[in-house]
Amino acid sequence: MRKALVPLLLLALAAAGCGGKTPGDTAESGRQPRRIVSLSPTATELLFAVGAGGQVVAVDSNSNHPADAPRTDLSAYQPNLEAIAGYKPDLVVYSDDPGELKAGLEKLGIPALQQPAAKRLDDTYAQIDQLGKATGHPAEAGRLTETMRAEIQKIAGGPRPERPLAYYHELDKNLYSATSKTFIGQLYAQLGLENIADAADKDGSGYPQLSAEYVVKADPDLIFLADTKCCGQTARTVAARDGWDQVRAVKAGAVVELDDDVASRWGPRIVDFLRLISAKVQAMETVGS
Amino acid sequence: MTVTERLGRAPVAPGPRPARLRAGLLLAACACLAGAALLAVLVGPVRLGTAGVLAELAGRLPLVDVDSGLSERDAAILWQLRLPRVVLGGLVGAMLALAGAAYQGVFRNPLADPYLLGAAAGAGLAATLAIAYGPDTSSWPVDLLPVAAFAGAVAGVVAAYALGRSGGGRTATTLILSGVAVASFLTAVQTYVQQRQDETLREVYGWILGRLTTAGWSEVVLVVPYALLSAAVILLHRRLIDVLAVGDDEASSLGVRAARVRLVVVAAATLATAAAVAVSGLIGFVGIIVPHTVRLVAGSSYRLLVPLCLIAGAAFLILADLVARTVMAPAELPIGVVTAFFGAPFFALVLRTSRRSL
């Protein structure tokens, strides 16, 4: 075993420029990774957005955006080290380490970069910068964050409704929701929307399961469905639920079908997401006045 | 010891229970159920007001005309969200307790529960398959998931039964062992499918944790026929289950065909379990805790045990669900957590304070 590892290690060290360096250092030393494996759908989106798409050789089974990403069977939930090593990567980007991923990659001498789920917008910008540096595209990354910041500021600075609108963000059919302190909740807050799930987060998880009674009583102006792909929910299925015909959003046709993926990732598409939500809020105002 | 004495089996009060005591216990259980149901209708994450709810309920009675003062929305919350959930909780609790008692009786095994013969594993696999590979059913009149879970639960038990019989033996032990084998196999397949289709994990997990949260009248309508049928069959067989307690050979010397009784009772209990699982996911503990608690209070004769389990199971799950939706209100607790968390200590208490033995 050890004998087999030594040449592998040497190879990896050579590829990495020399031992012990972080991917950021690699880029600074002028060597760009040419064989990137992404085990995170968000990282995949970010890699392509900073112009490193051409260096990506494999992405995990859930990385479905952009369409030209080299999607494989690699699982991000149960990463298989041999399968990953099979792509001879010189950089692996991942979001969660379910067990021995980091240690395993270290043993194989494969440089790895963890980009955990963003807790706030600044985390997204930081991850973009980090990926830009690591892949040799710092300038593109800088431009991307600049554009995103400007766009988001513009959308958030748009006209506000006279009365703050209440919304319910649905994660699945069992009425799991996300509060304002989650990443997605902070995006809604940027537009001045009030989250009905905030009152329900007694244990502070950020993702409480709401009572149907409570959702109906809270009477949200807007309902956002982030369970259209996973669980086949639509404005029609929501309207058909017992008692939900009493909810203002259902009466007003303000049940918005989101793309589950966009609503659960922290990549560049959050700008499109915000634009969509903002348009819905503006539309509500027009109807209201 | 004569056969009749062994049939009685209750160590403290051997022989048949006086009819008056039986009626008293049944009445007390019914009162508990009525109290639990009323409390569950009155209390919830949304305050509707006791007077308002009572007036609204009374207003639906024929010849009664009262204005409850509830808004249209509050009335919808009461009639379309809270009431069906209480009714469904009662039905599911009754069926799980009934099935648990029945399995424990025909297998002479105190640890038997409704999921013993692969019903849970079968339902779990079928639900996972429906979520992972099923067609989009959002435009269908009936959701595919409960139908799949029901079919899976029945198929799991049928597979266990077929395996047990092909093994040559028709004894309780062979059947339990084949149930264990079938359940392990089905669970392995389910795990494999989940790993292949990891985007389904969330929905499968949500289903397993229990789905009383989103209960409506359609689920109630779905399970009522099975509940009535299986309860009737098991009620009719309750004396025969008592006879099985003496063992298959002795039962047959008394003219009872043990394997046949077991088949009929298992079929009915499986229908009940499958229907419960289809609408509520996997709610554990009810099928074990309720029959044993009833046994400790009322003795082990199935004549009284079966009807008492039906009533006590309903009351227990209604109360457990009440806790699930109020403790963290307006957030929910998974019902399975509540049944185990409150059920286990309660059971321990009953075990300690009771002078009877199981």
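Which residue in strand 7 of chain A stands opposite E170(A)? The residue is L225(A). The model described here is predicted.

**The sheet in chain A**

Start with the overall layout. In chain A, 4 strands form an open sheet. Their order is 6-5-7-8, and the pairing is parallel. Two strands sit at the edges: strand 6 (194-195) and strand 8 (255-257) of chain A. Each edge strand pairs on one side only.

Now look at strand 5 of chain A, which covers residues 166-170. Its pairing with strand 7 of chain A (residues 222-225) is parallel and runs over 4 bridges. Its pairing with strand 6 of chain A is also parallel, over 2 bridges.

Y167(A) shows both pairings. In strand 7 of chain A, its bridge partner is L222(A). In strand 6 of chain A, its bridge partner is N195(A). The table lists the partners by strand.

| Residue | Partner | Strand of the partner |
|---|---|---|
| Y167(A) | L222(A) | strand 7 of chain A |
| Y167(A) | N195(A) | strand 6 of chain A |

Why is strand 5 of chain A described as largely enclosed by the rest of the structure? Of its 5 residues, 4 are buried, so the strand is largely enclosed. A residue counts as buried when 20 or more other C-beta atoms lie within 10 Å of its own.

**Where chain B touches chain A**

The two chains meet. On one side are 31 residues of chain B, in contact with 29 residues of chain A. Which elements give two or more residues to the chain B side? They are helix 4 (72-107) and helix 8 (201-208) of chain B. Helix 4 of chain B gives the largest share, 8 residues. By class, this side of chain B has 11 nonpolar, 9 polar and 11 charged residues.

**A residue in chain B**

Finally, find Y133(B). It is in helix 5 of chain B, which covers residues 119-133. Is Y133(B) buried or exposed? Y133(B) is exposed, because it has 11 other C-beta atoms within 10 Å. The cut-off for exposed is 12 or fewer.

Y133(B) can also be compared with V193(B). In sequence, these two are 60 residues apart. In space, their C-alpha atoms are 9.6 Å apart.

Conventions:
Residues numbered from 1 in each chain as written. Chains lettered and ligands numbered in written order. Predicted model: local features only at pLDDT ≥ 70, side-chain atom pairs only at ≥ 80, totals over all residues. Pairing = 2+ DSSP bridges. Contact = placed C-beta atoms within 7 Å. Nonpolar A, V, L, I, M, F, W, Y, C, P; charged D, E, K, R; others polar.
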